[in-house]
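Visitor: Hi, could you walk me through this one? I'd like to start with how the chains meet.

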Amino acid sequence: MKRIAGLAAAVAGVALLAVWFSRYWPASHWTVVPRAQLLEKGRQAAAHFGVDVGGWKSYAVATVAKRGAAPLSLRITYVAGRGERAAEAGFDSSGALNYWRAPDDVRGQKFASDEAAALAAFQYMAGAEAARYQSPRRSAGDAAGQEVFEFRNAGSPFHERIQVRTKDASVERVERKTSASLSDEDDDDDEGYWGLFAALSGVIQTAGFVVVLAVFILWVARKTISRRFQLRMAGGAFVIMMAALVFGSGWDKLHSVHLEHDTVGVPQFFTALAILLYVAVWRGISVKARPKWMTLEQLCLLAPVAKATGESLAAGVLFSPLLAAIPFLIAGCGLFPGSSVWPQKAVLLYDRVPLLDSGEMKVFLALLLFFGFAVPALERLIRFGWLRWMMLVPAGTLLFAYEWRGVSGPVAGALTAGALTLGLFWVLWARFDMLAVLTMQLSAGLVAGLLILGQKHESIWSFVLALGGMVLAAVWCQRRGQEVMEGDPLATNPMLTGFRAEREKLLAEFSVARRAQQDMLPQAMPEIPGYSIAASCTPSLEVGGDLYDFLNLQDGRIGIGVADVSGKGVPAALYMTLTKGLLASVTKNSSELGPVVEEVNRHLHSVTRKKVFVTMALGFLDAKKRVLQCVRAGHNPMVWRQKGKGVTTLVNPGGLGLGITASKVFGMQLKVAELKLAEGDAVVFYSDGITEAMNSSLEQFGEQRLMEAVERADSLAAMAAHDSILGEVRSFLDGVHPQDDMTLVVLRVGG
Amino acid sequence: MANPFSIHKSTEQGLSILALEGYLDAHTAPEFEKAVESEFQAGHIQMVVECSRLTYISSAGLGVFMSFIEEIREAGGDIKICALAPKVFQVFDILGFSALFDIVADLPAAVERYREAPVKET
């Protein structure tokens, strides 16, 4: 089904292009000047004005100088060093010089006067046509000491003139200007509604950047990104972005402060990077939207060979002629008089590497923002489908009308183009995924480029190669790719419909397990006259291996235990329940601390696998005599705060972990400590999740901080003391998600 | 922030030395387990685990020491542990490993210990 749709789209797109392109855009409209020739002309012009740009770096961009049906204007920028100085030469599409700007700090050839300089520049620019121009009108320029001379072409039906700016008797700028109107105003690309779109786009990009960065930093802080997989992913995304910048024109432009045209700015670059990382962080994408990003993610993992990747690539390539046809359709259909195709794609012709031009990057950015940020954000924030659509459609239309910029002319035409573009992107997004969307954009650029060339040109082969490469990659992925991708166990083929259901089912089962485990912990604290007691256990994952329990012993004493099973997650949780059961059953027959622990050890050793062990701190409290017997079976020492004496100690009798050995060594090592408690004393049992809690600067909470926290809680009853200690651990962690289960039991003598 | 872990194998005076480096936790424990097992399978039952560059050990890491020790001792071999950093030693010690394993200051001491007691007396 999808295959047929793709082929139909390709045929329709090519047919549309074939009809409308020839109708709207006869080949004669374009005279493509080879890049090398253009560079040479620029060099000659520079030499004429007394600036030697030999050895300077050069960049070529194509822009549209005037709105409407004006010809393409090509601009070469020469940059010395790291953008310390830049000169610019502009040409019309026939290759004639129509603009020259000297570097800011380099004065070219010095003339006798400003007038002489202006005249020389004018004559160079006008050539044989010079006679048709009127004598210049002189005025002061924007910069101090700058003079402006304007020569008007009396014979032209348009407002055509040559403007020369001079300073200190040398030429700063020469410019041929033409406009259809008779006003003196300069036409500028970004005036009028384009200015509005630009502002809107800027706001969306900046907001997206800030939000995405904030979310990203939050995740880093919580260390969810520390998974090896996600790191690799982020690394891959970074490599791709950097390659785009280095091989495209963007990197040099980042350095050069003088270049203002069509540059990918630093904020845009980092927005794109942040969004890729956002995708990389994975949890940023809701479970529902996740499959849409899977193939792109796979690409970022630098492991793109998968069947789904091939499908997305193929879809993108097949649908791309439709996208490329949109501007021609708008300009040629007759509904929007005055519309013309914006030859933005011609920019590609003058890039060293096609497709990595800033214009293309901007569209990528818009796409990533729209589908990666706006769509999921609105899905999360707004429940009503119709309201969401009412926000998404206008926003997307405006965004793509501006960023994609297929046509220029009346606003209705531009908006229609924006809406059609949005629709096509949406189809690829809904039917395929994000990779298909991006591929279509890339491929449409190539198709448009090929069309514009339509004839012999030096770079035609790079276009054919790039397009062919994409087709080959699609076929290769289809034939050699695996059904299910490797790497992340969750990264299954997005086309497998069972994926979501499976995952959600698992998550549901985990939450049942978590509840069951929490229910297993004592629901109420034991009532011990003359004591207060408080306890909590917080698993780091859904289920954990920590445990606390209270026991009513046969001899009337109260047992207080904290245990920690080695490892984490489900296996640890299973052994945790086992330990709890053992403790309960063994204390039915015996109230003697040493033998109880030895018995638990024997059982655990016989049933656990060899590498699993349990550490336990267990205390038997004689409430009336105020005597607490404790053992420490491989567990962290207890903290004993003697309020009256003002002393805090670690109770650290010898003892091996449970389940390690059943030999007599265990009994020999196990020592029982006896604490004679006094009014106001506190005994704190805890698991290593407390003392080993690590903050973002990789410091551990440690025993020292714990003991100090217990001291500070001196005046508090158990519950408040417990909360205060845990509060100190949390503020120490400062937002970092605990890596281990945390268990804390506080026993306070008195009230 | 992936936690790096590596094992460097060598032999010294017939003893098989496993030098651990980095983080030994639930993620990296299987690697260590595999290394110990392959030594055991190859008949190298006198092992020294050198820990001078081991920066962290979790309970899963400690589990590896336990999982083989009985078999190895039954076969007449042992695992001696040397050069623990103070923080790592504390983890071993809390669990009571000092009673179960020979834990010595450095590699020469481990070699010496093998001469005195090839299998730890318990």
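Guide: Happy to. This is a predicted model, and in it the contact takes 23 residues from chain A and 16 residues from chain B.

Visitor: Which elements give two or more residues to the chain A side?

Guide: Those are helix H5 (228-247) and helix H18 (664-669) of chain A.

Visitor: And how do the residues on that side divide into nonpolar, polar and charged?

Guide: On the side of chain A that touches chain B there are six nonpolar, 12 polar and five charged residues.

Visitor: Let's switch to chain B itself. How many helices and strands?

Guide: Chain B has five helices and five strands. Reading from the N terminus, the order is β-β-α-β-α-β-α-α-β-α.

Visitor: What share of its residues is buried?

Guide: Of the 122 residues of chain B, 39% count as buried. As for contacts in chain B between residues at least 6 apart in sequence, 69% of them join residues at least 24 apart.

Visitor: Back to chain A. In what order do the strands of the open sheet come?

Guide: The five strands go S11-S20-S19-S16-S17 in chain A, with antiparallel pairing. At the edges are strand S11 (531-538) and strand S17 (647-651) of chain A, each pairing on one side only. Neighbouring strands of this sheet are turned by 15° against each other on average, direction ignored.

Visitor: How many bridges between S11(A) and S20(A)?

Guide: Eight bridges, in the antiparallel sense, and strand S20 of chain A covers residues 742-749. Within that pair, Tyr531(A) stands opposite Val749(A) in S20(A).

Visitor: Which strands does helix H20 of chain A touch?

Guide: Helix H20 (residues 702-712) of chain A packs on the sheet against strand S16 (638-642), S17 and strand S19 (682-686) of chain A, and its direction makes about 35° with that of S16(A). Helix H21 (residues 718-733) of chain A lies across S11, S19 and S20 of chain A, at about 145° to S20(A).

Visitor: One more thing: at what angle do H11(A) and H12(A) pack?

Guide: Helix H11 (residues 385-403) and helix H12 (residues 411-431) of chain A pack at about 110°, with their axes 7 Å apart. H11(A) and H12(A) are therefore roughly perpendicular to each other.

Visitor: Which residues meet there?

Guide: From H11(A), Gly396(A), Thr397(A), Leu398(A), Phe400(A) and Ala401(A) take part, and their partners in H12(A) include Ala414(A), Leu415(A), Gly418(A) and Leu422(A). The contact of H11(A) with H12(A) divides into eight nonpolar, four polar and no charged residues.

Conventions. Residues are numbered from 1 along each chain as its sequence is written. Chains are lettered from A and ligands numbered from 1 in the order in which they are written. This is a predicted model: local features need pLDDT of at least 70, side-chain atom pairs count only at pLDDT 80 or more; totals for chains, interfaces and linings use all residues. Helices (H or I, at least four residues) and strands (E, at least two) are DSSP runs, numbered from the N terminus. A residue is buried if 20 or more other C-beta atoms lie within 10 Å of its own, exposed if 12 or fewer, and partly exposed in between; C-beta atoms are placed from the backbone. Two residues are in contact if their C-beta atoms, placed from the backbone, lie within 7 Å. Two strands pair if DSSP finds at least two bridges between them. Axes are lines fitted to C-alpha atoms, for helices over the stretch in contact, and angles run from 0 to 180 degrees between N-to-C directions. Ala, Val, Leu, Ile, Met, Phe, Trp, Tyr, Cys and Pro count as nonpolar, Asp, Glu, Lys and Arg as charged, and the others, Gly among them, as polar. Angles under 35 degrees count as roughly parallel, over 145 as roughly antiparallel, 65 to 115 as roughly perpendicular and the rest as oblique.
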